[in-house]
Amino acid sequence: MTELTRAIIVESLFGDVAPEELRAVGQAVTVVSDRVNRSLWSPLGWLPRLPTSEREHYGHALRTLDRFMSCRIDEARRRGSGPDLVSQLLTARDAETGEG
C-alpha cells in the first residue's frame, strides 16, 4: 500500500492525522500486514513463535495501532458527530428503534 493510499484511508476513517503520527501508523500497518501474510502462507505458521527481533517489532506495531485507534475512538466519542467514518459510526442510530 502506498503512502498516499494509506493516508487517504486513515484520514477517511479518523479525520486529520499529524504527518508523524500517520507515518508511525503506516509503518505499523506494514509490519503487521507482512507478518500476517507470512503466517498465512507458511506451512509452519501455526507453530508458536520463538522470541525474535521480528516478533518484537510485530508486538510494537500492534501496540502502536492499538494506542492510535483507542485514542482516535475516544476523541470521536468526546467530539460527537464529525466528518470522519469513526465519528459517523459512533453516532449512528437505528432508524426504527433509535438505538445506537
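How many residues does helix 2 have, and how far does it reach from its first C-alpha to its last? The legends below start with that helix. This is a predicted model, in which local features need pLDDT of at least 70 and side-chain atom pairs count only at pLDDT 80 or more, while totals for chains, interfaces and linings use all residues. Residues are numbered from 1 along each chain as its sequence is written, and side-chain values use heavy atoms, with hydrogens and water left out.

**View 1. Helix 2 and its buried residues.** Helix 2 has 23 residues and reaches 33 Å from its first C-alpha to its last, close to the 33 Å expected at 1.5 Å a residue. (The expected span is 1.5 Å times one less than the number of residues; helices are DSSP runs of H or I with at least four residues, numbered from the N terminus.) Buried here are Leu22, Val25, Gly26, Ala28, Val32 and Arg35. (Buried means under 20% relative accessible area, exposed over 50%, and partly exposed in between, with a 1.4 Å probe and protein chains only.) These buried residues pack against helix 1 (3–14) and helix 3 (53–79); contact means heavy atoms within 4.5 Å.

View 2. Areas come from the Shrake-Rupley method with a 1.4 Å probe, and for residues only the protein chains shown count as cover.) Val36 sits in helix 2, which covers residues 19–41. Its relative accessibility is 35%, so Val36 counts as partly exposed.

**View 3. The aromatic pair of Phe14 and Phe68.** The count comes to 1 aromatic pair. (Rings of Phe, Tyr and Trp, the last by its six-membered ring, pair if their centres lie within 6.5 Å; planes under 30 degrees apart are stacked, over 60 edge-to-face, and the rest tilted.) The ring centres of Phe14 and Phe68 are 5.1 Å apart and the planes stand at 75 degrees, so this pair is edge-to-face. Because Phe14 lies in helix 1 and Phe68 in helix 3, the pair ties together parts that are 54 residues apart in sequence. Phe14 is buried at 11% relative accessibility, and Phe68 is buried at 5%.

**View 4. A salt-bridge network of Glu21, Arg72 and Glu75.** The whole structure holds 5 salt bridges. (A salt bridge is a side-chain nitrogen of Lys or Arg within 4 Å of a carboxyl oxygen of Asp or Glu.) Glu21 and Arg72 form one of them, with their closest N and O atoms 2.9 Å apart. Glu21 belongs to helix 2 and Arg72 to helix 3, so this bridge ties together parts that are 51 residues apart in sequence. Arg72 also meets Glu75 in a salt bridge at 3.8 Å, N to O. Arg72 is buried, at 10%, whereas Glu21 is partly exposed, at 28%.

**View 5. Leu85 in helix 4.** Helix 4 covers residues 85–91 and includes Leu85. Leaving aside neighbours within four places in sequence, Leu85 is in contact with Ser12 and Leu13. At 40% relative accessibility, Leu85 counts as partly exposed.

Methods:
Helix = DSSP H or I, 4+ residues; strand = E, 2+ residues; numbered from the N terminus.
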